Amino acid sequence: MRASGLGKRFGATQALTLVDLEVLPGEVHAVLGENGAGKSTLMQIISGALTPDQGELWLDGARYAPKDPLAARQAGVAMVYQEPRLCPHLSVRENVLLGIEATRYGVLDAKDARARARRALSLVSTQENALDSERRVSSLGPSERQLVTMARALAQSSCRVMILDEPTSSLGQGDVERLFSVIRQLKSTGIAILYISHFLEEVENIADRFSVLRDGKTVGTGELSGVTRGELIELMAGREVIEGGARSARTPGEAVLELEGLRGERRPVCASLSLRKGEVLGIAGLLGSGRSELLRAIFGLNPIAGGRICVKRHEGPYPPSARVAQGVGLLSEDRKDEGLARGLSVADNLTLSRSSGLGPAGLVLPGHMARVTEGFIAQLGIRCRSAWQRAGELSGGNQQKVAFGRLLHQDADIVLLDEPTRGIDVQSRAQVYQIIDEWARAGRAILMVSSYLPELLLVCDRIQVMRRGVLGPSHKVDRVTEHDLLTEAIG
Amino acid sequence: MIFSPRLSASLSHSLLPSARELAAWLRRPWFGPLAALCIVYALFALSAPETFAGSANLSIMARQTAVVGMAAIGMTLIMVQGGIDLSVGSSVALTTVIVARALEAGLDPGAAVLAGVAVAACAGCINGALVLLLQITPFIVTLGTMSILRGVAKGLANEQKIDAETRGLEALMSMLPDDQSHWLFPLGVWLTLLAAVIAAAFLIYTRVGRHVVATGSNPLTARLCGVRVGRVTLLVYALGGLLAGLAGVLEFSTLTVGDPTDSLGLELEVIAAVVIGGGSLSGGQGSVVGTLFGALLLTVIKTGCTHVGLPNWVQEILTGAIIVVAMGIDRMRQHAQAT
C-alpha cells in the first residue's frame, strides 16, 4: 500500500496538503500526530469514505481509487472504527457476515455462514479466548466487540490492509494485551496494519515502523527501533505561531471555582483546580482524555461520582438550570447537535438562557427579543439576514458567534468553553480570542478546553493537562512550551 | 404632481407589503393551512351554494370543530414540546362519563364540569410523569394510557351510556335560540377560541412557552441553557390533559349523555389537525392558529362532502390525501428555506 502526494480541502481549511505513506505487508505501521494533524482525514481517504483532491493511492502495485467504503472493503482495505459499529441485537456470526451473507435461492446458506464466521473468528481468537459465534453482541464487552469488528473486516477473504483507529481508547489493560496478541497473529498472516494511536508506549510496543503527520503533511517516517520518544514528540509538535488578539495584562481576583479530586462516572478520574476571577485557565489533553467530561460535570450535565466541587459559595453538585442561575455558562463542543437549536431563530437561540429583560412582567415580546438580538448581532458581527433567520442556516463561524452571544446575554461570569474555535475560519478565530480576552479583563473567570495547543498558549494565563482522566498540575503559560504539554499529554 | 423618490418609496412601503414582508407572511406556519382551508371552502361553496355556504351551516361547522379543536390545542402544546398523546380520545370519553356520573349524583353542573376536567388533567399529569420517570417514548406511554383510560371509562359506566339530566350543560354546544343569535356561536365555540388565544399567547409571549418550543426543537440545547426540561414536559402533558377534559365537557354537551365508547379514533383526527396546521412529529414546530385551521379544514371536508352528496369513502380518501399533500408541501417549503 502506497500513497503519494495526497491532498484534501474542506471549504476554507486544507486538511491534507502533501501526505506520503508506505505500508508493507505483514507490518504494523503507526500513524502519529497531534489532534487535527490530518490522521483521520487520511484514514477516511484510504478506507474510501472520502476521495482525495490530489495525489494517488496504490495497492499491491495497482492503482487504487475506492469510490466508497464498500469498494474499499472489496479491494481488501478495512477500517475498524474507534467506536465499534455493530448491531447489538444480532449474534456475533450475523454481525460478522452482515452485508456479505451467502444465499441459496434467496435463503441464507447456514452451513456456509457458520464456516466463514468460524474462519474469520479464528483469526481474532487467541488460545485462552475464543469468541462464541452465537452470542448476542449486546452481551459482549468493549474489547470483544472490537474483535468482532475486526473479524467482520477479515470475513472479506481478500483483506490486505486493516486500519485500526485508536483501538485501545475504550479498553482496560488486560484487554489491550489480548488485542496486541491478535494483532501480532494477523501480522504473521501477511496483513498490513495501520495503527493510529496517541499513546507512544503502546506504539513502541506493537508497531514496526511509523509515519508522523503534522498540519496535513508527512514530516517523518522510519523504523521505530531507530528513534527515541523525544524525537517523535519533536516531530509531532509544530513550531507555528498564531496571531490574533494578544493577551492583555490581567489581575486575577478571588477563586470562584474550586475542584478537589473531582470524579465523574468514567471520566474525569481525578481533577483538581482553582479558577479565579479575571483569568483564563486552559485544559489541554488528547481527545477522549476526559476534558469535555470535566466541563460537563462542573455544569451538571454529567453526573459527579466523587470529590469536591465549589462554585462561588455553592458547595456540591447542581443541575444545569441551577448552574445557569449561579452565573455559569457552557459553550458546547457539539455546536450542531447540542450548542444550538438549529431549527429555531437566531433570536430564540441567543436569548434562551435568560428570558428576563425581554418584556414587561416576565413576558417575552418578539419586538424586545429582536432588539436585544440585533444589539449582539452588531456587537459580534454576526452575519445573518435578520434576527429571525434560522440558526441552522448560518455558517459555522456565525453559529459560534450566536453561541457566544448567548453567554454574553446570559451574563455568565464563570464561562466554560469547550473547543471554542472548532470548525470556524481564521477571522472568526481571532474574534473569539478577542472576546475571551475582553471577558477576562472584565473580571469573568474562563475555563477553556482546546485541542489546539498554540491557541491555549496564546489565550490562557495557566494551563493544566488532562491525561487519561487525570488532571495534571497547573503551569504558568510563560514557563511552558508546546513540547512540554504534548509530552505530558502523551508520555 | 411630483413625488420625491424617497417619499414614494416610503409610501409604497407603508401601503404595499414589500416582497420581503410578503415572503415573511408566506413563511408563517399557519399560512399554508389557511390557504388550503380557503380553497377547499370555496370549492364546496361553489358546488353547493345554497346549503353549504349558508350561515346556518357555518355555525354547524363551528360547533362540529369545537371538540376536535379544543383537544388539538392541547395536542399542539405537546407536539411542539416533542411529545405526543394518543390517549386524548379516551380522555374525552372518560370526561363525558365523569360529568354524567357527577350530575347523576346530584352535583351541580359547575362542580360536575370541574370534576371531569380535573380527572382529565390528572390523566395528563400521569402521562407526563410516566414519560419522565420511566424514560419511555411518549408514543408507547400514551398508547398504554389510551387503553387504561378507556377501560376506566367503561368500568365507571358499566359499559353503558349514562343518561343523566344535563341541567343546562347542553347549552354549551346547542344551536342558539333566536333571541341570542347575535352571539353567532354557542358558548362552547367561544370557549375553544378563548383557549386558543391563551395557548397561542402562552407559546409566543411567555418564558415557559419559549422553553416548550426550545425543548421540542433541541432538548440538549434547552438543558444547556438552563431550561428545566422535566418540568416543561410535565407541564405540557398536564395542559394537554386539561384541554382534553374541556373537549370532553363540550362532547358531553353535544351528546347529552356520558358515553364510554365515544371518541374512538379521535386522537388521530386531533393529530391530523396539528400536523396539517404546521406541527411536526419531531417537535419544535407548530402553531395553535394553524392547528385550528387544520381542524376546520377537516370539518369542512366532512360537511362539504355530505352537502355535495359524495359518499363517506370519498371523504376519507380526501382527508388522507390532504394530510399527505400538506406534509409534502411543508417538506418542500422547509427544504427551500434551508437552501
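Author: Happy to. Leaving aside neighbours within four places in sequence, A:Met162 is in contact with A:Ala78, A:Val80, A:Ala153, A:Leu186, A:Ile191 and A:Ile193; contact here means that two C-beta atoms, placed from the backbone, lie within 7 Å. Please keep in mind that this is a predicted model, in which local features need pLDDT of at least 70, side-chain atom pairs count only at pLDDT 80 or more, and totals for chains, interfaces and linings use all residues. Residues are numbered from 1 along each chain as its sequence is written, while chains are lettered from A and ligands numbered from 1 in the order in which they are written.

A residue is called buried if 20 or more other C-beta atoms (placed from the backbone) lie within 10 Å of its own, exposed if 12 or fewer do, and partly exposed in between. Helices (H or I, at least four residues) and strands (E, at least two) are DSSP runs, numbered from the N terminus.

Let us stay with chain B and look at its helix pairs. Two packed helices are described by the angle between their axes and the distance between the axes. The axes are lines fitted to C-alpha atoms, for helices over the stretch in contact, and angles run from 0 to 180 degrees between N-to-C directions. Helix α4(B), residues 55-80, and helix α8(B), residues 187-205, have axes that come within 9 Å and cross at roughly 20°. The two are therefore roughly parallel to each other, since angles under 35 degrees count as such, over 145 as roughly antiparallel, 65 to 115 as roughly perpendicular and the rest as oblique. Their crossing is left-handed: the near helix is turned anticlockwise from the far one by less than a right angle, whereas clockwise would be right-handed. On the α4(B) side, the residues that meet α8(B) include B:Ala62, B:Ala66, B:Gly69, B:Met70 and B:Ile73; among their partners in α8(B) are B:Gly188, B:Val189, B:Ala195 and B:Ala199. By class, this contact has 11 nonpolar, 3 polar and 1 charged residues. In that scheme Ala, Val, Leu, Ile, Met, Phe, Trp, Tyr, Cys and Pro count as nonpolar, Asp, Glu, Lys and Arg as charged, and the others, Gly among them, as polar.

Helix α5(B), residues 88-104, takes part in two pairs. With α6(B), residues 109-134, its axis comes within 8 Å and the crossing angle is roughly 150°; this crossing is right-handed. B:Leu94, B:Ile98 and B:Ala102 are among the α5(B) residues making the contact, and B:Val113, B:Gly116 and B:Ala120 are among those of α6(B). Its residues divide into 13 nonpolar, 3 polar and no charged. With α7(B), the angle is about 25° and the axes are 8 Å apart, which makes α5(B) roughly parallel to α7(B). Here the crossing is left-handed. B:Ser91, B:Leu94 and B:Arg101 are among the α5(B) residues that meet α7(B), where B:Met146, B:Leu149 and B:Arg150 are among the partners. The classes are 8 nonpolar, 2 polar and 2 charged.

Back in chain A, 9 of the 9 residues of helix α9, 291-299, are buried, so this helix is largely enclosed by the rest of the structure. A:Arg291, A:Glu293 and A:Phe299 are among those buried residues. By contrast, A:Gly306, which lies in strand β16, residues 304-311, is exposed, with 9 other C-beta atoms within 10 Å.

Lastly, the two chains meet: 23 residues of chain A are in contact with 19 residues of chain B. On the chain A side, the elements giving two or more residues are α10 (320-325) and α11 (335-339), and α10(A) gives the most, with 4 residues. That side divides into 12 nonpolar, 7 polar and 4 charged residues.
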